[in-house]
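I opened my notebook today to look through a fold piece by piece. Come along and keep the picture beside you as you read.

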Amino acid sequence: MKGMLMIWLVLRIADASVNIDNKISIIFPGSPERSAMSDKVYYMYSTDKFVYNAAYTDLKIDLHTTSSSEQQDKIYAGFIKGALDAATNSKLLSQRDIHIKKHPGREITYIKRFDKSDNVKIVKRIILLNKRLYQFELWALNGQMDQSKLDKFFNSIKINE
């Protein structure tokens, strides 16, 4: 029993809670690298089989003053199209509406080519808050998604309101 407790403590210590900004946080299975380019900030952590990503992009509109579900649908559709167009040999497998707290978002699952693998499976969640579009991804580099890893990562998303 004592050994199991030590293993659990080591695993818990390895997790890294990251405040994406003052609105959203997420727990990675290790300490992610942070990078920024103009209006985009990325966090990435990778293992030999999985890549975990979280990012946000500042938008040019204020969703508080111009928001409508139709406008949000157009923004999500444009972002999803851009993500698929940017990926080599991408194929959309599924798309669905989601909610994180009370905020609507989208989840897509797709396959793309990455490096020498033709079968990278990606599950991506996106959500709009004010002038920011947040995205959270788990990549299965061998094409085999681990549902427990996916659930743990996505369920750790917290919106601070």
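**Entry 1: a hairpin and its sheet**

I began with strands E1 and E2, which a hairpin of four residues connects. Strands (E, at least two residues) and helices (H or I, at least four) are DSSP runs, numbered from the N terminus. Before going on, I noted that this is a predicted model, where local features need pLDDT of at least 70 and side-chain atom pairs count only at pLDDT 80 or more, while totals for chains, interfaces and linings use all residues. Residues are numbered from 1 along each chain as its sequence is written, and side-chain values use heavy atoms, with hydrogens and water left out.

I then looked up how E1 and E2 pair, and found four bridges in an antiparallel arrangement. Two strands pair if DSSP finds at least two bridges between them. Alanine 16 has phenylalanine 28 in E2 as its bridge partner.

Which strands make up the open sheet? I read the order E1-E2-E10, with antiparallel pairing. Strand E1 (16-19) and strand E10 (158-159) are the edges, each pairing on one side only. Between E2 (residues 24-28) and E10 I found two bridges, again antiparallel. Serine 25 has lysine 158 as its bridge partner in E10, and isoleucine 24 stands opposite isoleucine 159.

I also checked burial, where buried means under 20% relative accessible area, exposed over 50%, and partly exposed in between (1.4 Å probe, protein chains only). Four of the five residues of E2 are buried, so the rest of the structure largely encloses this strand.

**Entry 2: the whole chain**

I stepped back and saw four helices and 10 strands. Of the 161 residues, 40% count as buried.

**Entry 3: the core**

Next I looked up the largest nonpolar core, which has 41 residues. Such a core is a set of buried Ala, Val, Leu, Ile, Met, Phe, Trp, Tyr and Cys residues joined through side-chain atoms within 4.5 Å. The members that touch the most others include Ile24, Phe28 and Ile127. Strand E8 (residues 117-129) gives the largest share, seven residues. In general, nonpolar side chains tend to be buried together in soluble globular proteins.

**Entry 4: a lysine inside**

Is lysine 124, buried or exposed? I found it buried, because its relative accessibility is 5%. Lysine 124 sits in strand E8. Its side chain makes a polar contact of 2.7 Å with the side chain of glutamine 135 and another, of 2.4 Å, with the side chain of glutamate 137. A polar contact is a pair of N or O atoms within 3.5 Å; within protein, one must be able to donate a hydrogen and the other to accept it, and residues adjacent in sequence count only if both atoms are side-chain atoms.

**Entry 5: the rings**

I counted five aromatic pairs in the structure. Rings of Phe, Tyr and Trp (its six-membered ring) pair if their centres lie within 6.5 Å; planes under 30 degrees apart count as stacked, over 60 as edge-to-face and the rest as tilted. Tyrosine 45 and tyrosine 52 have ring centres 6.2 Å apart and planes at 50°, so they are tilted. Tyrosine 52 and phenylalanine 153 have centres 5.1 Å apart and planes at 75°, so that pair is edge-to-face. Tyrosine 52 lies in strand E5 (residues 50-58) and phenylalanine 153 in helix H4 (residues 147-155), so the pair ties together parts 101 residues apart in sequence.
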